[in-house]
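I opened my notebook with a plain plan: look at how two chains meet, then look inside one of them. Here is what I wrote down as I went.

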Amino acid sequence: MMKKRIVCMLLAGGQGSRLGVLTSSMAKPAVPFGGKFRIIDFPLSNCVNSEIDTVGVLTQYRPLALNSYLGTGQHWDLDRSYGGVFVLPPYMTEHDGRWYSGTANAIWQNRSFVDQYDPDYVLILSGDHIYKMNYTSMLRYHVEYEAAATIAVLKVPMEEAHRFGIMNTDEDGRIVSFEEKPKQPKSNNASMGIYIFNWKLLRAYMERDDADETSENDFGKNIIPAMLNAGEKMVAYPFEGYWKDVGTIQSLWEANMDMLGEDPILDLNDPSWRIYTRNPVLAPHYVGKNAKVRDSLVTEGCTVKGDVKHTVLFCGSAVDEDTKVRDSVVFPYAKIGKGCVVHKAIIGENAQIGDNVRLGEEPKEGEVIDNRLTGDIVLIGNDVTVPSGAVIPRGAVVTQETLCQFVNGGANA
Amino acid sequence: MNQNAFGLIFTGEGNPYMRDLTLSRAVAAVPFGGRYRVVDFVLSDFVNSGIRNIGLITQRNYHSLMDHLGSGKEWDLNRKRDGLFMLPPFSTKDNTGVYRGDIDAFHSVMQYVRHSSQKYLILSGSHTIFNTRFNAILKQHEESGADITIMYNEDARFNPEEQNRDLRLLFAEDGITVRELEWNPRYPRSNYRSCEITIIDKSLFEDLVEESYSRGGIDFVRDILLTHVHDLKIMGWRYDGYVARIDSVNTYFSHSMELLNKAEAGDLYNPDHPIYTKVKDETSAKYGANADVHNVVMADGCYVDGTVEDSILFRGVTVERGAVVRNSVLMQGVTIRAGARLDHVILDKGVTVTAGRALTGYEGLPLVFRKNLTV
């Protein structure tokens, strides 16, 4: 077989518990984003645009949804006769079988997948970030520096540096130390969770790590510190541009809003760096006679008859007459009835909002809302039907189970 | 699933009434409905009917069709067995590479027809748009013992000035057997018009075409159907859904405007019969802070910051702030600069209207601007 220069391993693993009810039936990378996309479209499209054509997608949470979404990979141009995209869930062998115990373990368990391409390098990505990046430029950097490992870093505001893995470098860009979420950050070079390793070397480190019973088998906690301690040459690849972890409700909402405005900080309408996705087969969208749509994104299959401002509507969603939608994210096939007022909401896939519903109201006096995950954003779960006349306070999370506390006038639940 | 039928679409027909819209493309490749080409509809009808073997005859200007259809992937027709077969003309000892008519074309693709394993052939033209499945018409054809079954609908529209391939059916008393056919009649005696779908047994098709070809026959309707209307059992199958005949700039325009009315053209949006087309991976349409949009069908990749009313916007159209677009069809990649005003205009792909220009057509006479023009 021909050898591949580089193979990508995409860590799509997580359930994404901080995204709450949005990931109750699908893994985080399958969460919709930006009107037409799913989060996983970003790393996949970056790969294709960087001419990396072999991608293993590692997941152990609801692999079916991801599997059927990716299909043969044709939508990303990854239906290749040699290479392509593969979903790699954990599996049993004749000796044993186990769940992925950590990010490094997921790669270790699939070493034979990588080995069959005999690559010089392996690119490790995580599946929950929104960004456009040329991995080939990063590989060039890695080769030029003759590094053992290259880690992409982004300058973040110093006051936020404590939330990230921070890479401290010398003047040549060589990483001298690594701190996970430091209280007193020494620099603001945040790791983006994008690594290039020399495959043979990484394989050796993973083998040692696997034998270590005390290890958590994690790249950030175990592999990278071990390589640093051993004095391997590890360099930081500086990235400039938009990058956002969309692992929380707040950041998912913000990242969607980042696409709006005259000169948006996230512009995906870029013919030189397209983001590919599985396209639904839907008609162009329709805007009604009395509709008002401003400062928004609208896509195929949408029907807008109401007043929509500063909002992202996903495919097949609908906003009926006399309804006002502001600062919201409406996921695929969600329908909003007549006479509603919607403020700062994320409405889940296929959710049905009845008539005269108010979302994002001031909470009533004494009403206690569990908004640990949502802040001031209303979150309507996937497939939830909100009956006509319901009033949902801001920060509320509405699932079929919690619905009763909002519709029967009860604020005491 | 109709495994026992295959399709043959003839896209060679020219039409002078389409004016600049067919300057560089076949009628089949004319953009329609915001993100489609005319041929997408009949092709999707085939696919939604479970027909997996489709031949598409092209001639002249077929580059844009080839580019659009590719391997048939978007229609799920890139199959190992059967699939989509592009049948462009080629020169042989008895063919110069340009067809004189569809009989000529059928004769030269007879190899494909013979090799098809299915019993029934569904012949289709390429300027009639509808969204249905062929299951019912095939069933009728099989059970009625007809030699030929023609799909038709009732259409009272008639414009003798722009008549093109207008086949009308007159029925016997049973209301299903065709007694007479009229071809481009000056004074039509029937409002039952063919939808360009003809079902015929493959072997009979072969015999009729070869016989007619050897006698210099040119046109399938004129030289075969009209000739044999009395000695073949020809039947009609009535379709009551929405039908759009794209046979002139005027009908193109009026049918485009009908798309704004779901009550009228709703069949084309039937979610159970999706219309497939080439995917362009555009992002969502974007509305600016000054957008004022009413009664509009709009595809992805558009940017609108001006006023747009009663119009169709294809993919990647830009309407800048202060521009006003009314009753118009703007095809892919059109740019309307600030302050321009448009009414009753069809702009072909890539047209740019510079700042402040005013272009006005009329309902019966929409202005057409050809591809990539800058006004």
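Predicted model: local features only at pLDDT ≥ 70, side-chain atom pairs only at ≥ 80, totals over all residues.

**Entry 1: the area between the chains.** I started with the area buried between chain B and chain A, which is about 2,800 Å². Carbon and sulfur atoms give 46% of that area.

**Entry 2: who touches whom.** Next I looked up the contacts: 32 residues of chain B are in contact with 36 residues of chain A. I then looked for salt bridges between chain B and chain A and found a count of two. One of them I looked up by name: Asp300(B) pairs with Lys36(A), with the closest N and O atoms 2.8 Å apart. For polar contacts across the interface of chain B and chain A, the rule finds 21 residue pairs.

**Entry 3: which parts of chain B take part.** I saw that β14 (285–287) and β15 (292–298) of chain B each supply at least two residues of the side that touches chain A. The most comes from β15(B), with six residues. I also sorted the residues of that side by type and got 16 nonpolar, eight polar and eight charged.

Entry 4: I looked up one partner pair and found Leu297(A) bridged to Lys286(B).

**Entry 5: inside chain B, a strand.** Which strands pair with β8(B)? I first noted that six of the seven residues of β8 (residues 148–154) of chain B are buried, so this strand is largely enclosed by the rest of the structure. Strand β11 (residues 192–201) of chain B joins β8(B) through seven bridges, antiparallel, and Met151(B) has Ile197(B) as its bridge partner there. Strand β12 (residues 234–238) of chain B pairs with β8(B) in the parallel sense over five bridges, with Ile148(B) partnered by Ile234(B).

**Entry 6: inside chain B, a helix.** Last, I checked helix α8 (residues 249–258) of chain B: eight of its ten residues are buried, so the helix is largely enclosed by the rest of the structure. Among the buried ones I listed Tyr252(B), Phe253(B), His255(B) and Glu258(B).

Note on methods
Residues numbered from 1 in each chain as written. Chains lettered and ligands numbered in written order. Heavy atoms only, no water. Contact = heavy atoms within 4.5 Å. Buried area = accessible area lost by both parts, 1.4 Å probe. Salt bridge = Lys/Arg side-chain N within 4 Å of Asp/Glu carboxyl O. Polar contact = N/O pair within 3.5 Å; in protein donor to acceptor, adjacent residues only side chain to side chain. Helix = DSSP H or I, 4+ residues; strand = E, 2+ residues; numbered from the N terminus. Nonpolar A, V, L, I, M, F, W, Y, C, P; charged D, E, K, R; others polar. Pairing = 2+ DSSP bridges. Buried < 20%, exposed > 50% of the residue type's maximum accessible area, 1.4 Å probe, protein only.
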